[in-house]
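Please examine the sequence and the structure displayed below before reading the report.

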Amino acid sequence: MALEHLRSLLRIAVSFVHSRWCLRFSRREQLEAWQRRQLKRFLREVLPRAPRFRALEGLALDQLPYMDKKMLMEQFAACNTRGIELQPALEVALQAEQSRDFAPLLGEFTVGLSSGTSGHRGVFLVSAEERERWAGTLLAHTLPRALLKHLLPWQPPLRIAFFLRANSRLYTTLANRRIDFAFHDLLLGVDAALPVLEHQQPDVLVAPATVLRGLAEAKLAGRLQIAPHHLVSVAEVLEPIDADRIKQAFGCSAAQIYQASEGFLGYSCEQGNLHLNESHLFIETEWLDVEQHRFQPVITDFSRTTQTIVRYRLNDILRLAAQACPCGRAERTIEAIEGRADEVLWLPALDSGELRPLYPDLVRRALTTAAADIREWSVHQQGMTWRVGLLADAPEIAGAAVEQALNELFEQHGLRPARLQFGVWREPEVGAKRRRLLLEQRPEQTPCMS
Ligand SMILES: [Zn+2]
């Protein structure tokens with residue numbers, strides 16, 4: 001047992017060193033050459049072990065079919081290399097979720113469950129080895145240099161507080177003698193965590209953006225006395241409105257980990273810019289606009305060996321930065337994770353009646369700049385009706401300002417204005433993912449009358 005423990009610590013350490021120093025590419029050609037070698041090995045050695053890809057052996061990556069969550073669930077057993085069926089995996093994951101006991105494993109595998117906002121629940125398998133590599137990579141990408149000294153044996157351990165919706169073995173792996181790690185269950189809410197946090201006094205705080213915001217509010221209100229040196233936002237998009245408040249409370253900006261059950265997709269560097277994790281993933285860009293700014297990523301994870309993620313289309317919309325990051329990393333820089341494909345709102349064009357997209361950042365900007373006192377907002381689209389929820393000191397004045405801002409936005413883009421219905425902003429249920437923007441139903445296409 002002790003030997004096993006040592007081995008797993010060693011694997012974390014190796015992956016940490018490898019990710020932090022060896023996989024740091026400053027030239028794009030170098031990175032691409034590394035990806036080509038890794039893909040070649042992956043296609044030859046790993047993929048043929050999954051039944052789905054056996055018949056496709058020998059094909060190049062761009063000849064392989066696309067994947068998405070729905071397809072992955074339908075052909076679950078064929079898409080992993082260990083012949084694990086969907087039903088037992090799903091049972092383990094659901095049982096863990098319901099009992100809030102995250103110990104159950106399926107053999108040596110962790111089963112991760114992704115909430116299906118679009119109706120499809122996703123189940124993802126991770127082996128013990130992959131888990132340890134993941135922990136090392138996560139630390140390599142998130143720890144600022146100043147905190148590295150904690151990993152030396154004579155230093156006090158690094159204290160990390162982690163907030164997650166559904167924990168699994170994925171996250172508790174990080175606990176050992178060098179790291180004092182506390183896991184907080186999101187379903188218990190922010191208030192329940194306050195005494196534990198004060199007791200632990202974490203150096204590093206890792207949580208979804210909404211929770212960091214909640215903790216920031218608690219600190220500003222004098223209900224929480226902690227002084228973490230490093231904040232990491234995970235699982236949700238960190239919006240400027242939250243980022244500002246978090247910085248105000250803790251005196252430092254939150255770094256971002258862009259991670260989903262599908263994989264570790266990106267991280268923010270010391271310059272605060274988000275980079276795609278291209279040293280572990282090959283990412284194809286499916287462009288959403290002619291200017292080639294926005295795209296849906298199609299990922300192939302050549303570092304996984306259990307669950308195959310090959311040409312897998314994510315539901316996210318990313319916006320590429322116009323300039324290279326001053327940190328010098330060759331991995332592409334993302335200006336923003338604009339949101340998910342179901343956060344794009346649609347309205348008919350005035351001239352043709354054809355539906356046109358309004359991307360999340362446009363609507364977000366209109367809402368957050370309309371009035372200074374807007375503390376929270378949401379816009380849910382149901383056909384031509386947009387239900388706008390607002391939390392502001394003077395809701396009526398804010399409502400009028402938002403109405404004007406949105407109508408200007410519609411006009412600028414030559415769109416038929418939506419019917420705006422104002423209401424009070426409601427807090428999402430505890431543990432639920434926040435959806436500030438949500439397309440519930442697209443409007444009908446309205447053909448041109450003239
Ligand atoms: Zn950078």
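## Basis

The structure is a predicted model.

## Zinc site

The zinc ion has as its protein donors C269 (SG), H275 (NE2), C325 (SG) and C327 (SG), at distances of 2.1 to 2.3 Å. Along the chain, these donors are spaced as C-x5-H-x49-C-x1-C. The arrangement is tetrahedral because the angles subtended by the four donor atoms around the zinc ion are 102 to 117°, and four donors count as tetrahedral if all angles lie between 85 and 135 degrees.

C269 is buried, its relative accessible area being 7%. H275 is likewise buried, at 1% relative accessibility.

## Helix 11 and helix 12

Helix 11 (residues 360–370) and helix 12 (residues 395–412) have axes that come within 8 Å and cross at roughly 145°. The crossing is right-handed.

On the helix 11 side, L362, V363, A366, L367 and A370 take part in the contact; they meet A401, V402, A405, L406 and L409 of helix 12. By class, this contact has ten nonpolar residues, with no polar and no charged ones.

## Positive phi angles

Most residues other than glycine have a negative phi. Q201, although not a glycine, has a positive phi of about 50°. Q201 is situated in the loop between helix 8 (190–200) and strand 5 (204–208), and is partly exposed at 30% relative accessibility.

R311 is not a glycine either, and has a positive phi of about 50°. The loop that holds R311 runs between strand 11 (294–301) and strand 12 (312–313). With a relative accessibility of 6%, R311 counts as buried, because the cut-off for buried is under 20%.

Technical notes. Residues numbered from 1 in each chain as written. Predicted model: local features only at pLDDT ≥ 70, side-chain atom pairs only at ≥ 80, totals over all residues. Heavy atoms only, no water. Donors = N, O, S within 2.8 Å, 3.2 Å for Na, K, Ca; no water. Tetrahedral: all angles 85-135°; square planar, octahedral: opposite > 155°, others 65-115°. Buried < 20%, exposed > 50% of the residue type's maximum accessible area, 1.4 Å probe, protein only. Axes fitted to C-alpha atoms, helices over the stretch in contact; angles between N-to-C directions. Helix = DSSP H or I, 4+ residues; strand = E, 2+ residues; numbered from the N terminus. Left-handed = near helix turned anticlockwise from the far one by under 90°. Contact = heavy atoms within 4.5 Å. Nonpolar A, V, L, I, M, F, W, Y, C, P; charged D, E, K, R; others polar.
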